[in-house]
Amino acid sequence: MFKLKRKKKKIVEVLTVPREDRRTLSNVPDPENIRSAADRRGAKGDKADNLDEDADYLNRLRLLSLRYVADFDVSVVEEGKKHRKGIKGSAVDISSTGLLVGIEPGIDRFEVGDRVSVRFNIPPGTMPEGFELAVNTYATVVRTFSREHDGQEKLMLAVEFIKPLTEYFQRKRWGYSVYTASGLLFVAVIFIMLMRVESVIYFKYNFLLYLYSMTAAAFLLSRYLFGALYREVPVNPEYTPGVSIIIPCFNEEEWIHRTILSCVNQDYPLDKLEVIVVDDRSTDKSVERIQEVLDMVHREAERFETKQRLKMHVLEVNGGKRVALVKGVEMAKHDLVVFVDSDSFLEPTAIKHLVQPFQDPRMGGVAGRTDVENKYTNSITKLQTVRYYIAFRIMKAAESWFDCVTCLSGPLSCYRKDLILKHSEAWLNQKFLGQPATFGDDRSMTNFILKTHRTAYQDSAICSTIVPSDTGVFLKQQMRWKRSWLRESLRAGTFIWLKEPFMALFFYIGLVVPIAAPVIVLYNLVYVPIFHHVFPGTFLMGLLMMAMLMSLAHLLFRKSKLWIFGLVFCVFYELVLLWQMPVAWVTFWKSTWGTRDTPQDIEARNKKEARKQKNKDRIGLPL
């Protein structure tokens, strides 16, 4: 009897799509002053004449003018005629300052200068996180024209909002989100502290359990405290050191073009920035895709010196991510090198913000913030969205308070070139219990840097990345991360005590708490109810409060409806991800990725197939 294997349905990623700019490198400073470095749309009054003197204002203006591809229903009503049924149209693109609507031809009663009322709902994924809301506001018609849209002739109506959506949402919802989240965060913290007072009272009945409870609570609350106190290094316009961006690529034909463009399209001096793409012998069409992007950029933006600043190198043999990164560093001509994953996309000001901590000569490496690009694809990506933001804005920010970030994450991190070259041989040949260390490259290099230098986090150095949207791939990624975390944390534990004492203390606590967590959960949720017949209400309430901290912090900073997925993540963690930790205890020396065909993965798969074949031969089963 044959079983037909059901073909797995391909997941379609939901991405926020910016409207393409007709200028290939729209954010790069113009050496010939043919255009301004930023879109001046929305600048009014004296500010419009002095844009170049205010970098922060320029960035806010750029964010206001960014247009996104849209497709949702819009109702347009002439002012003073609310009794009349609104004209139905479909949004073509939207920004914080305006909207382009396509309506049926023949409706020509709108003229430039007319004031109208517009009503619409912004679907999740159309604009950045926090904009997925209903809008009912006034706007002014600024342009009307006809063009073909979706195969039909449409009358296009361009309107400018009386108030930008950022201001509209601040009054309608964002302000309430901040007040609500702040109040509930305060209540949650007080509740947790009161529960820990209860732990002190019962301390004598179970010393280890209540010691763990108080330690875990103190550790988590301290992370949120120092995360709230965190302040990044502000931009010094006079500080623009030379930077070489290294992009290692292996079978990433779907996203590599966007990664390259985001790296070269930076608001940074031309002579201070280069981009090097190193392909690790991809077996798909990545090399062809990279070459297409390079040719297009060289052809359309030659005056930005792209032929000298953007290049590709293909390794002779597949050597792994570390080999590709080291090769890129050896090719780099600048003193600072930035590592960017091949499925990560930089904001135009990311490099400008990322380099600022290096004004301190003792700074060895800096991590930027990584957001989730495909956040609205499904529930798996939504829960990762909240987790990523808290991991960076709270956890890394707390470590940065002590200049001791323990993982300079792969999507976006910057290092001093001489430090990478100094540790390159040890990094490339690193082994653990006799097995080559093929993943955890970011944590490994961070450990080398931390021994002698400081590390920091810059919250305004932003990139976004494609996270796993398939549950199986996500679980394999999490297992790989747990193995590398355990391995590299043990390494860091041998020298972290030389750092700031308070930071070192909480590093060791942060190492013990996750390792012991499965035992504590089993004790409270299984042993106590079965053998003592006591419902674990206090323990469950504590878990709820910890989850509320994550969700409410996300709501406070992001003002997004996705905050509820912080609770979902915590439940998913307790039910699924937590139990990967015991597996990681006994397999943390493994070197397979599980999500891509590295040489170690191919070797492991061949061994597995050989074992299956041997078993079939032994019991005489047909193939």
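Mentor: Asp403 is found in the loop between H9 and strand E14 (413–416). The model is a predicted one.

Trainee: What makes Asp403 count as buried, partly exposed or exposed?

Mentor: The relative accessibility of Asp403 is 25%. Buried requires a value under 20% and exposed a value over 50%, so Asp403 falls in between and counts as partly exposed. Its phi is near 55°, a positive value in a residue other than glycine.

Trainee: What is the phi of His533, and where does His533 lie?

Mentor: Phi of His533 is also positive, near 55°, and this residue too is not glycine. His533 belongs to the loop between helix H13 (501–532) and H14.

Trainee: How do you know whether His533 is buried or exposed?

Mentor: The relative accessibility is 68% for His533, and the term exposed applies over 50%, so His533 counts as exposed.

Trainee: Why is Ala91 called buried?

Mentor: Its relative accessible area is 0%, which is under the 20% limit, and therefore Ala91 is buried. The residue is placed in strand E3 (residues 87–94). Leaving aside neighbours within four places in sequence, the contacts of Ala91 are Ala70, Asp71, Phe72, Val74, Leu99, Leu100 and Val101.

Trainee: How far apart are Ala91 and Val101 in sequence and in space?

Mentor: Ten residues separate Ala91 and Val101 in sequence, while their C-alpha atoms are 4.5 Å apart.

Trainee: How many disulfides does the rule give?

Mentor: The count comes to zero disulfides. Cys463 illustrates the reasoning: the closest cysteine sulfur to its own, in Cys263, is 9.0 Å away, whereas a disulfide needs sulfur atoms within 2.5 Å, so the pair is too far apart for a bond.

Trainee: Why are Cys463 and Cys404 both called buried?

Mentor: Cys463 has a relative accessible area of 1%, and Cys404 has a relative accessibility of 1%. Each value is under 20%, so each residue counts as buried.

Trainee: Which residues in H15 are buried, and what covers them?

Mentor: Phe565, Gly566, Leu567, Phe569, Cys570 and Phe572 are the buried residues in H15. Their cover includes helix H9 (379–400), helix H12 (471–492) and helix H14 (537–558).

Trainee: What makes H9 roughly parallel, and not roughly antiparallel, to H12?

Mentor: The axes of H9 and H12 come within 11 Å and cross at roughly 30°. Angles under 35 degrees count as roughly parallel, so H9 is roughly parallel to H12.

Trainee: Which residues in H9 and H12 meet?

Mentor: From H9, Ile380, Leu383, Gln384 and Tyr388 meet Thr471, Phe474, Gln477 and Trp481 of H12. By class, this contact has five nonpolar, three polar and no charged residues.

Trainee: How many helices and strands does the protein chain have, and how many of its residues are buried?

Mentor: There are 17 helices and 17 strands in the protein chain. Of its 623 residues, 52% are buried. Among contacts with a separation of 6 or more in the protein chain, 76% come from residues 24 or more positions apart.

Key. Residues are numbered from 1 along each chain as its sequence is written. This is a predicted model: local features need pLDDT of at least 70, side-chain atom pairs count only at pLDDT 80 or more; totals for chains, interfaces and linings use all residues. Side-chain values use heavy atoms; hydrogens and water are left out. Buried means under 20% relative accessible area, exposed over 50%, partly exposed in between (1.4 Å probe, protein chains only). Helices (H or I, at least four residues) and strands (E, at least two) are DSSP runs, numbered from the N terminus. Contact means heavy atoms within 4.5 Å. Axes are lines fitted to C-alpha atoms, for helices over the stretch in contact, and angles run from 0 to 180 degrees between N-to-C directions. Angles under 35 degrees count as roughly parallel, over 145 as roughly antiparallel, 65 to 115 as roughly perpendicular and the rest as oblique. Ala, Val, Leu, Ile, Met, Phe, Trp, Tyr, Cys and Pro count as nonpolar, Asp, Glu, Lys and Arg as charged, and the others, Gly among them, as polar.
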